[in-house]
Each structure stands twice: as C-alpha cells, then as structure tokens.
Amino acid sequence: MYNPKSLKAEEFIEHQEVLSTLEHASKNKNDLQLVDQILAKARLKKGLTHQEAAVLLDCDDTAKVKEIFDLAEQLKKDFYGNRIVIFAPLYLSNYCVNGCVYCPYHFKNKHIARKKLSQDDIVREVTALQDMGHKRLAIEAGEDPVNNPIEYILECIKTIYSIKHKNGAIRRVNVNIAATNVENYRKLKEAGIGTYILFQETYHKESYEKLHPTGPKHNYAYHTEAMDRAMEGGIDDVGLGVLFGLELYRYEFTALLMHAEHLETVHGVGPHTISVPRIKHADDIDPNVFDNGISDEIFAKICACIRIAVPYTGMIISTRESQSVREKVIRLGVSQVSGASRTSVGGYYEPEAEDDKSEQFDVSDKRTLDEVVKWLMQLGYIPSFCTACYREGRTGDRFMSLCKSGQILNCCHPNALMTLKEYLEDYASKDTKQIGDRLIEKELEKIPNQKVKKTATEDINQINAGKRDFRF
Ligand code: SAM
C-alpha cells in the first residue's frame, strides 16, 4: 500500500501508485480545465503533488506547454533571482566493488585506470581548484569498503577544509558517496559536510536490480532508504537525482517527486537539491545501449515541471550537458551549475595520459571557470560562490524558512555579490572582471534594505582593499 509516511522504500515509492499516477496523467493530460487548475495552484508557489505535476509533464497542448515553461521561468526568478551557484566535482577514488552496468567504474572493467588520491594528491587537486576560484566542491567516490572506507572519506574532507592557498579556501564540501549506515552519516555530519547527495539512478525496482546486478548497491531498499538514514544521522540537506536514460522518464519523474514528498512528510524538510544527470558515453559504456534516452526538449520540460512542483528545491546541472542545454535549463529552474569539471581522479592538477584514463564520463561543457563565469554574467546572471547559509547554520528547514520569508534579496543576493567580487579580484581575466564589476554595481542597487545595502557596499570596498570572507 502506498504510504508516504512509511520508512519502507516499497511503500513510499509504491509501484502501483506510480503506475496509477501515470495512467491518470495520460488520461487527463489535455483536460485543459484541469491543467488550468493545476497551473493556478502552482502560481500560489507552494508546489504541487506528484499526481498534479505528472499531468503537467504529460500535457502536450502547445499553448499550455508554453504556460508551463513561462511559469517555471517566473518561479525561478521569484525564488532564486538571477543568482547561479557554482561548484566543481572532485573525484577521490574510482575503485568500486559494484556492477552498475551504466558506469565505467564497475568492478569488471579491467581497462580503466584505477586511481585513488592520497592526502598529498588532494592538496595538489584542491590547490588547483582554488587557483581557478572554486569555493564549493562535491566529492565523488566509488563504493569500496577496503579502498574507500568512511575513514578515508573523512580524512579527505578534513584535508580539503584545511588547505588555504593564497586567498583560496574550500568553504563547503558536498558529498556524493554510496548509501551507508546512520553511524557513518553522523560522522559525515560531524566532519562538516554540506549536502549529502545520492542519485537513485532509477526508482523502478525491477530495472534497478537489473542495472545493479552485483555488489552492495544491488539492494534497492537500502539505497532508496538512504536519505532517511542520512537524516537520522543529522544531515538535513540531502540531494536527490535520477540518471535519466535508464528507465522511462515519466516513471522517474513521478517517483522522484514521491521521494521528495516522503522526506517532507517524515522529516519536515524536503530535498535541498535535485540533480538531473543524463547518461553519457564513458570508457566501456555506450549510452545508446540504454533505450530510454530523452530528447533535449523533454529534458527541458522535466526541468520546468520539477521547478514548478518543488519551487524551494535547488536544481543542479552538471557539465554532462552542453553549453546550449545548460543555458536553456538555467532559465527554466536550475540554480546550481558545475564549471570546468574533471571527472577523472587527479585530473585538475594534471591532465591524464591517453593510456591512463580514469574518467567517469565524457564532459560536454569543457569551458574554463572564467569562461563559465563570463557567460553567466553576459546572460544576466550573478555567478555565486556563496556558502553562507551552511556556515551560518541555515540548513534544512532553516534554509527553507529563509527561502519562504522572501528575504533572499537582503541575504543571498548581497552574499552572491560579495563572493563574486572575491572571484573577480583573485581569479578573473581582465575582461570578465570588467563585466563583473559593472554587474555588481548595478545589482547592489536592487538590495531593498538600505542598511544591508550599505554594509554590502562597504564589504565590497573592503574586498577591493584585500579583505576576504564577508557574509550575511
Ligand atoms: N558510487 C556512488 C554511488 O553509488 O552513488 C557515488 C556516485 S558516482 C561517482 C556519481 C554518479 O555518476 C552516479 O550516481 C551516476 O548517476 C552517475 N554516472 C555513472 N555513470 C554515468 C555515465 N555513464 N554517464 C553519466 N553519469 C553517470
């Protein structure tokens, strides 16, 4: 029986509930009165249920689809303004005992180079990332209790936070490692992580088991219930995601929203972020083998419908996607992007030799961070390196209250401008700096609270004079 309050995966992602939601959606997709009702509810900015959102995703009435896209764009502006948070992945180790059929790290892959960063390697990698201007990382690792035990991950986090090179610092480390137990989640929390991210890959249990034929990840319930254990361990910012292309996108979309509803119902706080990766070519992996690939148009519609269904949840797009796809979905709802990413173990310090590749997948957007920052500003966005909420303890429901209070323009907006200013002073090219300084001047005017505006202006002048790390 479907039960969003249950702690059992098969009850909060109940297969029959997904199927009946999809049936209802396909029957009613062009019931324009119903679609209008759903859109009217969405305009109240409190989100939608999975049943309602599934109808919007299915709707193919041209005028209504345009309304869906317009509304997503509007909600994106209302909740996130024009700020885009920037981060980079850092691959710690590609040793893995799992058999995931879409991932080149699967243990049977004998031709991929296996690598694991030592603490000295981490210093080199993080120094290279700091020299680009990064302040936020998402650490990534394969699952391997011998090579990558939790102690190794914790030691890496400690090293990352300890590195202070020139004006550089990593101020927030998000973690994307395999599902683990409450005790380990507690340790990650104590190590000061930001968001715990775990992609579900697919919510469809039968497919999940086929796609993960061997290894600890084979256990669907253990994987799907991971976020509940993470929350029990004290981590209140968790990031969901599915790997689009593995299963039918309508199924994944519905189940993803059911997962968000479950977290909100049980823990009082929904996911902090949702990621929307699509399968990519990789060593030993041909994405065309998976027949549920989705077009860019459907992908954009999924992003728009997620934005409408969970307006308070951040959305992440990686460099798996091209510049043009990223541009489209940033407008429709994405709030965080990675920049200048390397998916290899050790790839920031030194490019890998052709016969020594450890990459997880091919990157589409290969631009430098300076190019990404400049591009965002030319599109009218403020690239933000802000990590203030997490450092001020505004996580979980406290972050959500900030979002809901409408104080973003008095808090996140100046924080974004101050961290952008740091980037411009320390890392930007001359051209990017010029564009950025003009943008900051213009954007400071938008701060409604005069006191906040004055302080932000003073802090930015201080950054000009060499001081760093201001925040509201
Ligand atoms: N091993 C961990 C786990 O089990 O969740 C950590 C994550 S892994 C380093 C990061 C993510 O990359 C996976 O969750 C998966 O969704 C994604 N991924 C794997 N193979 C991929 C591929 N060929 N193309 C795109 N993304 C892929």
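This is a predicted model: local features need pLDDT of at least 70, side-chain atom pairs count only at pLDDT 80 or more; totals for chains, interfaces and linings use all residues.

Q: What makes α14 a helix, and which of its residues are buried?
A: Helices are DSSP runs of H or I with at least four residues, strands are runs of E with at least two, and both are numbered from the N terminus. Helix α14 covers residues 323–332. Arg326, Lys328, Val329, Ile330 and Leu332 are buried there. Buried means that 20 or more other C-beta atoms lie within 10 Å of the residue's own, exposed means 12 or fewer, and partly exposed is in between; C-beta atoms are placed from the backbone.

Q: Which elements do the buried residues of α14 pack against?
A: They pack against α5 (62–80), β1 (83–93), α13 (296–309), β7 (314–317) and β8 (336–338). Contact here means C-beta atoms within 7 Å, placed from the backbone.

Q: Why is Thr49 called partly exposed?
A: Thr49 has 15 C-beta neighbours inside 10 Å, so it counts as partly exposed. Thr49 lies in the loop between α3 (32–43) and α4.

Q: Why is α5 called oblique to α13?
A: α5 and α13 pack at an angle of about 55°, with their axes 9 Å apart. That angle makes α5 oblique to α13. Angles under 35 degrees count as roughly parallel, over 145 as roughly antiparallel, 65 to 115 as roughly perpendicular and the rest as oblique. Axes are lines fitted to C-alpha atoms, for helices over the stretch in contact, and angles run from 0 to 180 degrees between N-to-C directions.

Q: Which residues make the contact between α5 and α13?
A: α5 gives Ile68, Phe69, Leu71, Ala72, Leu75 and Lys76. α13 gives Ala304, Cys305, Arg307 and Ile308.

Q: Why is α4 called roughly antiparallel to α12?
A: The axes of α4 (residues 50–58) and α12 (residues 249–267) come within 9 Å and cross at roughly 155°. That crossing makes α4 roughly antiparallel to α12.

Q: Which residues make the contact between α4 and α12?
A: His50, Ala53, Ala54 and Leu57 come from α4. α12 supplies Arg250, Phe253, Thr254, Leu257, Met258 and Glu261.

Notes. Residues are numbered from 1 along each chain as its sequence is written. Two residues are in contact if their C-beta atoms, placed from the backbone, lie within 7 Å.
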